[in-house]
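Welcome! Here is a short tour of the place where two protein chains come together.

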Amino acid sequence: MEKELREYTVLTHAEYEEGIKEGKLLGLRCASCERITCHPMPVCQWCGGRSLERTELSGEGELTTFTVIRVPPEGFEDDVPYIPCLVKTKEGPCVVGRLDYDAERASQVLISKQVKMSGAYTHKGDKFSGGTHTCPVFVVVE
Amino acid sequence: MRDVAIIGIGHTKFGRATKMSHELFSDATLQAMDDAGVGLKDIEALFQGAALPGFEEGQVMPAAFSAADLNLGPIPATRCEGACASASVAIRDAAMWVGAGEYDMVIAGGVEKALSMGTSYASRTFAMACHAPTEGPVGLTFPGVFAMAARLYSRNYDIPLDTLREKMASVSVKNHRHGALNPLAQFYKKLGDLKVEDVINSKFVADPITLLDCCPFSDGASALVLCAAEKARKYTDEPIYILGMGQGSGGPLSKMEDLTKPVSRISSAKTAFKQAGLSPEDIDMLEVHDCFTIAELIALESMGFFNWGEAADATADGQTEIGGKIPVNMSGGLIGKGHPIGATGASQVYWVVKQMRGEAPEGNQIDPVPEYGMTDTLGGDFGTLCHIILGRSKRKK
Ligand SMILES: [Zn+2]
């Protein structure tokens, strides 16, 4: 019976989001390849390994790319303009989040800048989103 | 696998429709059946691409109701969903079933009523094809994803962003030039003499993507009659053969190695070429998924038609126009023709078939008629990719 009820999630998405709210970027270390998976998955994002252990990332990384949203989806009207970004963490995996930066000054020179996680953004959600969800917020390290 | 042929094609006017989705799909299907000269009794199964019917008209299970609307009887009717690639997924699945010998004749196509949703709600529902857990709270949109890809493209290939924006704009100029000549296009007789400056100076949707870098929201449907190739000549003198197909899956943006080199697309295109026994040099025309100008450039490189980082220059040089290396999106593409997302893959096939029959609108027809054509359809932020290679003669064994 125990075998049939086995679950494979070492770090749930809810726990990952809770971590972000507490200022921690949580991930998983793979026993097979020693690389880090973040956001969490049931298997290693690099090698598919199944032996995973919780770990905390530094929250530091490099800005891969970004944009400034001017035309938002329904529910994000109050945020405009805002900056979604893709960050390659020091530990390896990439993370999608928001960049805390003056949208009118955001230009191509930001790409490849060092960034660090500075907080969390929680969207109120809507009737489609299954509740609220949280993403990391990054700032440029000057 | 048996060879599979397309013997009939249908396509509604793209743009704003007053008819409901099931009516649009039935219009396209009956056109296709009339084109093929087949009757309701000949159809053994239906495969319908539809991305967001629940949000548009409160309708799930639309395929069954489409079969009912066409009085096709209790045949299997399946909705296929791969966001903007839904119709191509439907066509591929349909062709597999016919190829496997389960059916001799089926309908495959797609439908969408996205324009009727309005920009705010449509943007919300389209964004559902982003990864909801991680990209949802960020407020990412599809223009946003491709804006991020454009910035990365600029960085990767050391093309100043302003220069890249001009080259991206040339995609919109080209596709609108041809969309304006296409009577079924959303922008028929409109924006045909668009200038690069117009695209650059239109308002930002997501920097550096402007409104004129984007395809529109659209309503419309397109459908095909697929038939076992060995029986196709009973119905038409000009069957168009499906020579190769591919499908690939991606994942959340954060798990992609490089936004400008989507593995899902590279893998899907390779599968299609391998199945067809052809390579990019053999292909005479393309209908690719230009949801945004930058998307066309990334598509052409990922499919192997240009080296990495070279599609921008090639497009600005006219290499993707009639008379160039390879004509791309002579229908107007998604940008000029419109993008009813669940229907787009079928529409792309429709326009390849039109080209092969020599029936494309004046100014869009490639001369001599193409022997081999290929479609490329993208769903989500590289989440679902589909490729279909078509030919005027059967696969060489
Ligand atoms: Zn591993």
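## How the chains meet

Contact here means heavy atoms within 4.5 Å. By that rule, chain A brings 42 residues to the contact and chain B brings 35 residues. This is a predicted model, in which local features need pLDDT of at least 70 and side-chain atom pairs count only at pLDDT 80 or more, while totals for chains, interfaces and linings use all residues. Residues are numbered from 1 along each chain as its sequence is written, chains are lettered from A in the order in which they are written, and side-chain values use heavy atoms, leaving out hydrogens and water.

## Buried area

About 3,000 Å² is buried between chain A and chain B, with 62% of it from carbon and sulfur atoms. Buried area is the accessible area (1.4 Å probe) that two parts lose on being put together, summed over both. On the chain A side, Val71(A), Val96(A) and Gln108(A) lose the most area to chain B, together 19% of what that side buries.

## Charged partners

The interface of chain A and chain B holds 2 salt bridges (a side-chain nitrogen of Lys or Arg within 4 Å of a carboxyl oxygen of Asp or Glu). In a salt bridge, the side chains of Asp126(A) and Arg124(B) come to 2.4 Å, N to O.

## Strands across the interface

Strands are DSSP runs of E with at least two residues, numbered from the N terminus, and two of them pair if DSSP finds at least two bridges between them. S5(A) pairs with strand S5 (residues 204-207) of chain B in the antiparallel sense, over 2 bridges. Val68(A) has Asp207(B) as its bridge partner in S5(B).

Methods. Helix = DSSP H or I, 4+ residues; strand = E, 2+ residues; numbered from the N terminus.
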